[in-house]
Amino acid sequence: MSISAEAFFQAADEAVHRLKATQLPQIRKGGELLAEAVMSGGVIQVFGTGHSRAFAMEMAGRAGGLVPANAITEDVLFLNGIYPVEERKNPYLEREPQIAHQILAQYDIRPEDAFVIASNSGRNGSTVEMAAEVKRRGHKLVVITSMAHTSQVSSRHPSGRRLHEFADVVIDNCAPLGDALLEVEGHPLRVCAVSSITGALIAQGLTAEVVRRLLAAGQVPPVYISANVDGADAHNEALRARYGNRI
């Protein structure tokens, strides 16, 4: 297949089709777990490193999204002085298991919270350790990963386990090994990643499933209105006040 925008759109459409054909049951199961947490007064804690941070941004703090969804990020380690700012450029920091505990220590995590962790490879130490600690604490965990990728790589965690092995619900983002879709003819290269596209669909699908269950329970969903709509500030601030500094 030649490299072009049209070729990428076609390949991405095929990945989206696989997602819809195979992962809707898992998205519904994940939505059920997350809705139970919200109805219990909990927060959906969302974590991802590298480009998987985009998944957390897709679920938390955006228009049409759930107010009780909180993006957990390694940036807190630099903002709070746990690591020097220069370390923010270290591409290997996400491989270190100990930072998972340092990150969690910066947040108000409560027993009623549920977790969503996204990682295309599911192999890096910090991500796997985050999942392990989440389960040690007794939280429900929804994992988004590429099963094609994670099944073909070794873990970088001392346990030898990968992210999906800790999950209550696993959602396959249907990305290939290495994430990129298009082969470069004559070179051992692939271009044009797809996990951000399927990840965004999964994030919004989970949001829709949570809202569906809240409505079925007779609750008004705590959802953000775009800050660029008149009257939104008062609406959003009133909802955020329920959760205080947890969001």
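The following dialogue examines how terms are applied to this predicted model.

Reader: How do you know which residues and atoms the values rest on?

Author: Residues are numbered from 1 along each chain as its sequence is written, and side-chain values use heavy atoms, with hydrogens and water left out. Because this is a predicted model, local features need pLDDT of at least 70 and side-chain atom pairs count only at pLDDT 80 or more, while totals for chains, interfaces and linings use all residues.

Reader: What makes Glu209 count as buried or exposed?

Author: Buried means under 20% relative accessible area, exposed over 50%, and partly exposed in between (1.4 Å probe, protein chains only). Glu209 has 13% relative accessibility, so Glu209 counts as buried.

Reader: Why is the contact between Glu209 and Arg212 called a salt bridge?

Author: A salt bridge is a side-chain nitrogen of Lys or Arg within 4 Å of a carboxyl oxygen of Asp or Glu. Helices (H or I, at least four residues) and strands (E, at least two) are DSSP runs, numbered from the N terminus. An α-helix has 3.6 residues a turn, so residues three or four places apart point the same way.

Reader: What makes Arg240 and Glu237 a salt bridge, and where do they lie?

Author: Their side chains meet at 2.4 Å, N to O, which is within the cut-off and therefore counts as a salt bridge. Both lie in helix H9, three residues apart. Arg240, at 26% relative accessibility, counts as partly exposed, and so does Glu237, at 45%.

Reader: Why is the pair of Asp113 and Arg246 said to tie parts together?

Author: The side chains of Asp113 and Arg246 meet in a salt bridge of 2.4 Å, N to O. Asp113 lies in the loop between helix H5 (98-104) and strand E3, and Arg246 in the segment after helix H9 (232-243), so the pair ties together parts that are 133 residues apart in sequence. Asp113 and Arg246 are both buried. They also belong to a network of salt bridges that links Asp108, Arg110, Asp113 and Arg246. In the whole structure, a search finds 14 salt bridges.

Reader: What makes a group of residues a nonpolar core, and which residues touch the most other members of the largest one?

Author: A nonpolar core is a set of buried Ala, Val, Leu, Ile, Met, Phe, Trp, Tyr and Cys residues joined through side-chain atoms within 4.5 Å. The largest nonpolar core has 30 residues, of which Leu34, Phe55, Val116, Ile144 and Leu206 touch the most other members. In soluble globular proteins, nonpolar side chains tend to be buried together.

Reader: What is Leu34 in contact with, leaving aside its neighbours within four places in sequence?

Author: Contact means heavy atoms within 4.5 Å. On that basis, Leu34 is in contact with Ile44, Met59, Ala114, Val116, Val142, Leu206 and Val210.

Reader: How do you know that the span of helix H6 is close to the expected one?

Author: The expected span of a helix is 1.5 Å times one less than its number of residues. Helix H6 (residues 125-136) has twelve residues and reaches 16 Å from its first C-alpha to its last, close to the 16 Å expected.

Reader: Why is H6 called mostly covered?

Author: Ten of its twelve residues are buried, among them Val128, Met130 and Val134. The buried residues of H6 pack against strand E1, strand E2 (69-72), H5, E3 and E4. Just after H6, Gly138 takes a positive phi of about 90°.
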